[in-house]
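Hi there,

Here is the structure I promised to pass on. Have a look at it first, and then read on for my notes.

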Amino acid sequence: MKMILSDLDGTLLRPSENRISPKVLDAISALHAKNTRFVIASGRTVSELRDLFAQVQDKMCFVACDGA
């Protein structure tokens with residue numbers, strides 16, 4: 001299994017944005033189809049992350065609350 005881990009704020013989500021790009025959501029689905037796990041790391045809560053990634057939340061993992 002392969003894994004890609006990314007920060008959220010300032011990386012996949014710019015300060016002026018409040019939603020995840022459709023291109024990013026498509027990429028997460030494509031990674032899932034290739035058995036590559038995508039993980040988002042953030043200081044945000046799990047519920048905030050699930051809302052942001054609602055369309056693909058079942059295809060990825062979350063490291064939330066600054067790793068807590």
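A word on terms before the fold: helices here are DSSP runs of H or I with at least four residues, and strands are runs of E with at least two, numbered from the N terminus. By that count, the protein has 2 helices and 3 strands, and along the sequence they come in the order β-α-β-α-β. Please keep in mind that this is a predicted model.

On overall dimensions, the radius of gyration is 11 Å, which agrees with the value near 11 Å for a compact globule of 68 residues. Along the principal axes, the C-alpha atoms fill a box of roughly 30 × 25 × 20 Å. Of the contacts with a separation of 6 or more, 59% link residues 24 or more positions apart.

Buried residues account for 29% of the 68 in the protein. As for charges, there are 9 positive and 8 negative ones, and their mean positions lie 9 Å apart.

The structure holds 1 aromatic pair, formed by Phe53 and Phe62, with 6.2 Å from centre to centre and 55 degrees between the planes, a tilted arrangement.

Happy to hear your thoughts!

Best wishes

Methods. Residues numbered from 1 in each chain as written. Predicted model: local features only at pLDDT ≥ 70, side-chain atom pairs only at ≥ 80, totals over all residues. Heavy atoms only, no water. Rg over C-alpha atoms; globule rule 2.2 N^0.38 Å. Buried < 20%, exposed > 50% of the residue type's maximum accessible area, 1.4 Å probe, protein only. Contact = heavy atoms within 4.5 Å. Lys, Arg positive; Asp, Glu negative; His and termini not counted. Charge placed at Lys NZ, Arg CZ, Asp CG, Glu CD. Phe/Tyr/Trp six-rings, centres within 6.5 Å; stacked < 30°, edge-to-face > 60°.
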